[in-house]
Amino acid sequence: MHSTHNTKSNAPQAARSGAAVKLLALLAATGGGLLLYREGENWLRSLLLYLARAGWARSLVTGFPPAWRMASRFVAGESLDEAIAAAQQLNGRGLGAALDYLGESVENAAEANAARDQILYLLDRIEAAGVDAYVSLKLSQLGLKLDENLAVNNLRMILQRARQYGRRVRIDMEESALVDVTLDIYRRLRHGEGFDNVGVVIQAMLFRSEQDVRRLVEEGASVRLVKGAYKEPPDIAFAKKADTDANMIRLMQMMLSEQARKNGVSLAVGSHDAAIIAATNDYAQRGGVNKQDYEFQLLYGIRRDLQEQLAAQGHRVRVYVPYGTAWYPYFMRRLAERPANLWFFVSNLVRK
Ligand code: FDA
């Protein structure tokens, strides 16, 4: 079974009060973190990204109903029905969807295969509902950290099913330790086995990405370009946001270049940053690139106004829609991106 964190379970009273004490400690730590953040420190982001991977914090936070109320701002629901309904609503607003069955770093082959089966079923449901949606997934969810072949076999089955329906699949990019193997697997299936319905993600925060993009441009890849949501050491990633932003613009320009378009590169810019979006439109306009030849992608629950504004301007817009019970690490990464979210979270908890 996929690792689930059902918020509706009835924990015994003693465990609850123990959890409440730990939670208070957690809140004190994050509250202190907020103060330090205000002093210009960046370690709150690091703390939240650390907590995203900490099992003890996961059971604490997911066992606390107000946490789900907060997370549900970023997650369409715990069920597939809710995800399909969200995709239908987005389509009704002129937006596409990328559905993500939440889960990562599974602990055994049975969990990896269960995730694969859920994603196969997701494809069936997307097809049956006739929604404009594709699937995003993480290779660690399909067993990559346990056995590379397990993940490859699971991904192959998913790509076959998607191809049967004329649908695309995007492999999300995870922490830097997985970048090489993720790109290798992508190439094995895209070029070795001829699946032309698979795409990847590149993170602008990594130094290596320029090199990766150069090769992906030669190969005519389908790429979602994002800033990067994981904690990375300064010897491999830009420490300053301004440097990541500048690199994102450089990489965007490489993938919208005339040569890239000739090679068949398909670019999706995954960002809510108005400056990055404006730079993309500006570069496209100057290069005579049609609005329909690239896409903007935004996350569910973030900058809905911008989603609609871009669509109204005639841009292709797709919203990434996560769903499922394994929402904890995804939620923590969203908190880390924007500390103001944490204020809402903490004040919500305190009110309960
Ligand atoms: P930035 O962080 O500069 O934010 C710009 C503005 O957007 C903020 O000022 C705020 O208004 C709004 N905003 C951003 N994040 C917010 C949040 N959490 N809550 C509220 N408002 C927020 N990463 C990765 O490592 N691998 C991946 O596969 C993906 N996939 C992916 C898909 C899609 C469709 C998107 C949009 C993003 C990803 N990401 C990702 C996440 C990405 O790396 C990055 O962490 C976030 O997009 C935040 O960066 P922005 O580009 O939005 O800029």
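**Entry 1: a pair of valines**

I started at one spot in the sheet, where Val169 stands opposite Val198 in β4. Strand β3 (residues 169-171) pairs with β4 in the parallel sense, over two bridges. A reminder to myself: this is a predicted model.

**Entry 2: strand β4**

Next I looked up how covered β4 is, and six of its six residues are buried. I then checked the strand face by face. On one side I found Val198, Val200 and Ile202, and on the other Gly199, Val201 and Gln203, all buried. So much for Val198's own strand; I wanted to see what comes up to Val198 from elsewhere.

**Entry 3: Leu159**

I picked Leu159, which lies in helix α7 (residues 148-164). Is Leu159 buried or exposed? I counted 22 other C-beta atoms within 10 Å of Leu159, and the cut-off for buried is 20 or more, so Leu159 is buried.

Which residues does Leu159 touch, once neighbours within four places in sequence are left aside? My list reads Val169, Leu189, Phe195, Asn197 and Val198. Both valines of my opening pair are on that list. Leu159 and Val198 are 39 residues apart along the chain, yet their C-alpha atoms are separated by 7.3 Å.

**Entry 4: the whole barrel**

Stepping back, I followed the strands around. They form a closed barrel of eight, running β1-β2-β3-β4-β5-β6-β7-β8, with parallel pairing. From one strand to the next, the twist averages 30°.

**Entry 5: strand β6 and its two partners**

I went on to β6 (residues 266-270), where four of the five residues are buried. On one side, four bridges join β6 to β5, and the two run parallel. There I noted Val223 opposite Leu267 in β6. On the other, β6 and β7 also run parallel and are joined by four bridges. Here the bridge partner of Val269 is Phe296 in β7.

**Entry 6: around the ligand**

Then I turned to the ligand. How many residues are around it, and which come nearest? I found 24, and the nearest are Asp172, Gly270, Ser271, His272 and Gln297.

I sorted this shell by class and got nine nonpolar, seven polar and eight charged residues. Which elements supply it? At least two residues each come from β4 (198-203), β5 (222-226), β7 (294-299) and α14 (328-337). The largest share, three residues, comes from β7. I also checked domains: domain 1 (13-72 + 331-351) and domain 2 (80-325) each give the shell at least three residues.

**Entry 7: the whole protein**

Last, I looked up some totals. The protein has 15 helices and eight strands. Of its 352 residues, 43% are buried. I also looked at contacts with a separation of 6 or more: 74% of them are between residues 24 or more positions apart.

Note on methods. Residues numbered from 1 in each chain as written. Predicted model: local features only at pLDDT ≥ 70, side-chain atom pairs only at ≥ 80, totals over all residues. Near = placed C-beta within 6 Å. Nonpolar A, V, L, I, M, F, W, Y, C, P; charged D, E, K, R; others polar. Domains from an automatic or database assignment. Buried ≥ 20, exposed ≤ 12 C-beta atoms within 10 Å, placed from the backbone. Contact = placed C-beta atoms within 7 Å. Pairing = 2+ DSSP bridges. Axes fitted to C-alpha atoms, helices over the stretch in contact; angles between N-to-C directions.
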